[in-house]
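Open the model in your viewer and keep the selection tool ready. We will go stop by stop.

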Amino acid sequence: MSRPTPRALRTTANTVGVIAFLVAAFPVYWMVNSSFLARNEIRSPTPTWVPFGGDLDNYRTVFGTDQFLDALKVSLMVTGLTIAVALLFAFVAAVAVSRFRFRGRLSFVVTLLVIQMIPVEGLFISQYKMLEAMDLLNTVVGLTLVYVAGVLPFTIWTLRGFVAGVPYELEEAAMMDGCSRPQAFFRVTLPLLAPGLVATGVFGFIQAWNEFTLALVVMTREDQRTLPLWLSTFTDVNRGTDWGGIMAGSTLIAVPVIIFFLVVQGRMVSGLTSGAVKG
Amino acid sequence: MSRTLSDVEHRPVTDVPHGPAPRRTRTSPLPYALLVPAVLALALALGYPLVRQVVLSFQDFGLAQQFGRPPDWIGLDNYRELVTDGYLWRVTARSIAFCLVNAALTMAIGVGLALLMRHMSRGVRLLVQTGLLLAWAMPVVASLTVWQWLFDTQYGVVNHVLTGLGLDYEGHGWLLRPLSFFFVATVIVVWMSVPFVAFTVYAALTQLPEELVEAAEIDGAGAGSRFRHVVLPTIRPVLLVVGLLQVIWDLRVFTQIYILQEAGGSARDTNLLGTYIYRLGIGGGEFGMSAAVAIFMLALTVVLTAPYVRAMLRQEGET
């Protein structure tokens with residue numbers, strides 16, 4: 001990038017850049033802005049562009065509704081369980097794939113990539129029928145089951161790289177110094193894998209926390225809704241929609257994701273390009 | 001800690017001294033045992049439903065069966081009925097058109113931004129990246145509610161601004177007509193998808209050897225031919241992967257369409273394959289038929305992505 005950019009090109013690029021920033025960021029700004037506004041400011045012919053004199057009433061309303069608290073509870077349970085199970089299963093599988101040579105290893109890895117290409121929308125009908133037969137509709141366990149299968153391929157794929165990145169010689173050296181194999185593994189290898197576990201755990205969080213389609217299919221009962229479902233039923237065509245409340249709810253859901261997203265951003269870019277993520 | 005992170009992250013798998021498997025040359029049952037939990041979970045939640053779905057698509061499975069009557073085996077009848085149903089083809093054509101338009105727009109805007117990002121001042125580039133990151137990180141349902149609010153008939157900012165520009169958009173209902181409905185859906189989908197393309201392609205462009213571009217310029221290559229002969233070959237592998245993912249994602253688009261339909265669009269006039277499957281099966285109880293549409297959709301995904309996959313495989317073979 002040493003070559004100087006011509007003036008005209010730079011001006012054009014900068015202008016496009018500012019426009020792109022405005023288009024990309026405005027909806028996010030508008031969400032936060034509207035979440036502070038009172039009903040009469042929201043329902044006014046002229047929009048309020050900056051939330052001067054705004055307050056937290058919308059947030060108080062959201063936290064005051066049982067539906068939100070129920071949905072928060074369900075979302076936290078499903079997300080937590082999904083991360084825990086997926087990390088455990090993916091971790092042992094990643095160890096197998098990157099630490100051992102065995103027949104079927106390559107086909108397993110290729111199968112993971114192929115599974116990534118299957119659209120959920122092409123399978124949810126039979127997943128619904130299966131969970132119905134197992135009596136797992138409207139249960140945290142049922143939704144977790146399909147979520148785990150959704151995030152497993154990417155998690156195994158990514159952890160595989162991390163495990164392979166820890167030289168086996170380190171473990172051998174520890175064993176030479178008198179550690180048993182499990183000791184060597186837990187004291188030497190596992191700590192080195194912490195960043196990988198955090199990155200894939202965060203990925204699992206974002207997926208499970210945001211997911212809408214399968215939640216809509218599996219959680220048909222109102223008291224079993226996840227947060228995205230709760231948010232989507234907030235809009236009401238017939239009674240005037242409480243946009244301030246919805247924006248407060250949206251902000252509450254978005255903030256943890258945005259924070260976590262910034263944590264793993266680099267990994268998302270490289271992981272996605274290796275073709276190993278569902279959107 | 002941070003040193004460890006980058007060390008581990010940036011070392012490709014193949015850099016491991018003795019290949020991927022330094023331990024155990026003879027076959028041991030341990031690796032298979034370690035794979036059991038993952039394989040079981042995938043087989044139960046994806047494998048079994050896939051088989052079940054194929055079976056279901058050959059059965060007459062409607063509301064009566066839902067209440068306990070055993071399903072009848074009807075062979076290809078579901079497929080025959082679908083193929084002769086004009087509506088399925090309308091939905092399919094709509095889905096393919098939506099997918100191609102959205103994927104093309106996303107790629108064009110994303111790649112364009114990535115190319116321009118190299119010529120922006122540092123500050124502006126940082127600004128763009130911040131904005132894109134925010135849009136990318138927004139949960140899909142949250143961004144849908146915001147866009148609905150922006151396009152709101154009565155108090156939406158879009159109508160306000162357009163009216164301010166002297167256009168007749170006061171009280172304009174954006175979701176009422178199918179074309180306008182898909183316009184809104186396209187804006188939302190492209191807005192959400194561009195950041196990924198822009199970031200990925202920009203990352204690929206930073207790998208571009210600058211001397212090569214300079215040499216081409218000295219040899220008198222114009223901007224167009226520099227792009228075609230120098231820049232494009234470098235980023236082609238990334239473009240292929242990103243393009244493939246866009247096609248897959250835009251063909252299966254569900255959440256955006258479903259939520260906009262609930263917000264006031266006419267479902268029948270705006271169904272794409274995903275929402276059609278949902279409304280047919282879970283909404284209407286026609287499980288056999290919707291399973292057949294789902295199988296059709298899976299097949300369509302394979303067909304639409306086949307050229308990309310072949311190109312990717314060829315590229316893999318060249319290197």
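Select B:Leu167 first. B:Leu167 sits in the loop between H8 and H9 of chain B; helices are DSSP runs of H or I, at least four residues, numbered from the N terminus. B:Leu167 is partly exposed, at 42% relative accessible area (buried is under 20%, exposed over 50%, partly exposed in between, with a 1.4 Å probe and protein chains only).

This is a predicted model, where local features need pLDDT of at least 70, side-chain atom pairs count only at pLDDT 80 or more, and totals for chains, interfaces and linings use all residues. Residues are numbered from 1 along each chain as its sequence is written, chains are lettered from A and ligands numbered from 1 in the order written, and side-chain values use heavy atoms, without hydrogens and water.

With B:Leu167 they make a nonpolar surface patch of about 720 Å². Patch residues have over 30% relative accessible area and no salt bridge (a Lys or Arg side-chain nitrogen within 4 Å of an Asp or Glu carboxyl oxygen), with nonpolar side chains joined within 5 Å and like charges within 9 Å. Areas are Shrake-Rupley values with a 1.4 Å probe.

Next, B:Gly173. This residue is in the loop between helix H8 (157–164) and helix H9 (178–205) of chain B. Is B:Gly173 buried or exposed? It is buried, at 18%. Its C-alpha atom is 43 Å from that of B:Met312, 139 residues apart along the chain.

Finish with A:Phe124 and A:Leu143. Of the 178 residues in the largest nonpolar core, these two touch the most other members (a core is a set of buried Ala, Val, Leu, Ile, Met, Phe, Trp, Tyr and Cys residues joined through side-chain atoms within 4.5 Å). H9(B) gives the largest share, 18 residues.

How values were computed
Helices (H or I, at least four residues) and strands (E, at least two) are DSSP runs, numbered from the N terminus.
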